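Here is a friendly walk through one protein model, written for someone who likes to look at side chains. Keep the viewer open as you read.

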Amino acid sequence: MAKMPPFPGTTGHRDWRTAFEAIRKLLANGDDTTQVFRIMRALNVGSAPNGYARMIATPEGGRMATEQVELAQRLGDRAWIDTFAPGTVGAAYRHFLESTGYSADGLVEVSRLNAEEDMRHPYAWYGRRTRDVHDLWHVLTGYQADESLGEAALVAFSYAQLGGLGWAFIGGAASLKSLKVTKGAKFARAVWEGYRHGRKAKWLAGEDYEKLMAEPLEAARTRLDIREPLLYKKAQRELGPELASYLSERRAANTPMPEKLAA
């Protein structure tokens with residue numbers, strides 16, 4: 001396969017200074033989701049071009065890339081979300097929205113660091129697509145969205161699925177800090193399990209999510225080979241809410257949490 005050109009306006013080099021500055025802020029306050037996107041932009045060099053190339057290499061992926069449906073708009077259409085029958089992925093996503101208070105629009109807003117986010121370019125569209133399905137991946141994998149452990153496990157799952165060194169940087173940093181904070185390796189083992197499950201699962205970035213929403217949730221998990229996160233559930237039980245969300249200042253203060261993307 002021919003080498004894909006870099007994202008317009010980028011150097012093609014990783015910005016480690018920005019990444020380390022952002023990870024320090026994120027580890028000090030896991031609710032500061034803006035730092036996640038700073039890390040992604042600093043380290044995920046080549047991730048969008050490579051993912052886009054993989055997508056258009058298939059007929060279905062080529063069709064979706066040509067149509068360029070904006071998933072944030074679809075997932076933000078509550079009338080559409082309300083059409084899905086009980087037991088489907090769409091119904092589970094509806095429950096996710098109701099139980100967390102999160103929204104597709106909320107994720108869009110915290111990701112907007114510069115004009116590249118809204119650029120009319122295939123790579124930018126692919127990047128928005130992978131951002132917009134993050135909460136759906138929470139639903140599909142079973143990793144809880146409003147806790148550090150669930151976010152870190154999904155970050156590791158995402159690294160296995162999408163490449164992009166930023167995912168690994170966040171998951172690894174959260175895991176290393178957890179060894180000291182939780183006085184054990186349960187958190188880190190759950191994150192490693194997320195990576196292993198991401199390696200084994202079908203490539204989720206190439207899915208037609210408009211169709212997937214109508215599938216029965218358990219059937220979709222089976223088809224996509226998404227394994228039950230046993231180590232994650234064990235760590236969640238044994239650590240308890242406080243340590244499972246050790247990075248969250250808002251959790252400790254018992255206040256509502258904003259839309260999150262990582263630990």
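## A salt-bridge network

A salt bridge here is a side-chain nitrogen of Lys or Arg within 4 Å of a carboxyl oxygen of Asp or Glu. With that in hand, find Glu60, Arg63, Glu67, Asp208 and Lys211: salt bridges link them in a network. This is a predicted model, in which local features need pLDDT of at least 70 and side-chain atom pairs count only at pLDDT 80 or more, while totals for chains, interfaces and linings use all residues. Residues are numbered from 1 along each chain as its sequence is written, and side-chain values use heavy atoms, with hydrogens and water left out.

Start with Arg63, which pairs with Glu67 at 3.0 Å between the closest N and O atoms. Both sit in helix α4 (residues 59-67), four residues apart, so about one helical turn separates them. (Helices are DSSP runs of H or I with at least four residues, strands are E runs of at least two, and both are numbered from the N terminus.) Arg63 also forms a salt bridge with Asp208, and there the closest N and O atoms are 2.8 Å apart. Asp208 lies in the loop between α13 (186-200) and α14 (209-212), so its pairing with Arg63 of α4 ties together parts that are 145 residues apart in sequence.

How well covered are these residues? Buried means under 20% relative accessible area, exposed means over 50%, and partly exposed is in between (1.4 Å probe, protein chains only). Glu67 is partly exposed at 45%, Arg63 is partly exposed at 27%, and Asp208 counts as buried at 13%.

## The whole protein

Stepping back, the protein has 17 helices and zero strands. Its radius of gyration is 18 Å, close to the 18 Å that the globule rule gives for 263 residues, so it is as compact as a globular protein of that length. (The radius is taken over C-alpha atoms, and the rule is 2.2 Å times the number of residues to the power 0.38.) The C-alpha trace spans about 50 × 45 × 30 Å along its principal axes.

Of the 263 residues, 52% count as buried. Helix α2 (residues 34-43) is mostly covered, with eight of its ten residues buried; among them are Phe37, Arg38 and Met40. Salt bridges in the model come to 20.

## A buried arginine

The Arg94 side chain does reach the backbone oxygen of Ile81, at 2.8 Å. Leaving out residues up to four places away in sequence, Arg94 touches Arg78, Ile81, Asp82, Thr83 and Phe84, where contact means heavy atoms within 4.5 Å.

## Helix α15

Leu217 belongs to helix α15 (residues 217-223) and counts as buried at 13% relative accessibility. Not counting residues up to four places away in sequence, its contacts include Gly87, Val89 and Leu140.

Notes
Polar contact = N/O pair within 3.5 Å; in protein donor to acceptor, adjacent residues only side chain to side chain.
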